[in-house]
Amino acid sequence: VGEGEECKTTIAPEFQVHCEEGLVCTMPALLGAAGICQNPEAKSTQVTMVGEGEECKTTIAPEFQVHCEEGLVCTMPALLGAAGICQNPEAKSTQVTMVGEGEEC
């Protein structure tokens, strides 16, 4: 995939997504998490912003975070490090909360 796109190299080979030649997959410390394809010589300080319905990541290291555009909120599952979805704050959420065995549901 190209620069700025999501790469996945710490998962099973049949599901891996690699960067184009000349780019590196900059990964957070969370095994299985997606990284971002970057030019190895570029130091990115720009915040990645996405629109409604797109995946946001705000509970990971700052250099890997993806934020929602102004006016949207990142609706996150309860799992730290997991991706959320950018939504209009006035829209009704259809997100399901999962609980473990023995927990209140």
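With 95° about the S-S bond, the disulfide (a pair of cysteine sulfur atoms within 2.5 Å) between Cys-56 and Cys-74 is right-handed. Cys-56 belongs to strand E5 (residues 55–56) and Cys-74 to strand E7 (residues 73–75), so the link ties together parts that are 18 residues apart in sequence. The S to S distance of this pair is 1.9 Å. Cys-56 is buried, with a relative accessible area of 0%, whereas Cys-74 is partly exposed at 24%. Here buried means under 20% relative accessible area, exposed over 50%, and partly exposed in between, with a 1.4 Å probe and protein chains only.

The model is predicted, so local features need pLDDT of at least 70 and side-chain atom pairs count only at pLDDT 80 or more, while totals for chains, interfaces and linings use all residues. Residues are numbered from 1 along each chain as its sequence is written, and side-chain values use heavy atoms, with hydrogens and water left out.

The protein has zero helices and eight strands, and from the N terminus on its elements run β-β-β-β-β-β-β-β. Helices (H or I, at least four residues) and strands (E, at least two) are DSSP runs, numbered from the N terminus. Of the 105 residues, 26% count as buried. The protein exposes about 7600 Å², of which carbon and sulfur atoms supply 52%; accessible areas come from the Shrake-Rupley method with a 1.4 Å probe, and for residues only the protein chains shown count as cover. Among contacts (heavy atoms within 4.5 Å) between residues at least 6 apart in sequence, 27% join residues at least 24 apart.

The disulfide count comes to four. Numbered in sequence order, the bonded cysteines pair as 1-3, 2-4, 5-7, 6-8. One of the links joins Cys-7 to Cys-25, with 1.9 Å from S to S. This bond connects distant parts of the chain, as Cys-7 sits in strand E1 (residues 6–7) and Cys-25 in strand E2 (residues 24–26), 18 residues apart. The link of Cys-7 and Cys-25 is right-handed, with 95° about the S-S bond. Cys-7 is buried at 0% relative accessibility, while Cys-25 is partly exposed at 22%.

Another disulfide joins Cys-19 to Cys-37, at an S to S distance of 2.1 Å. Cys-19 lies in the loop between E1 and E2, and Cys-37 lies in strand E3 (residues 35–38), 18 residues away in the chain. The torsion about the S-S bond of Cys-19 and Cys-37 is about -95°, so this disulfide is left-handed. Cys-19 is buried at 18% relative accessible area, and Cys-37 is buried at 1%.
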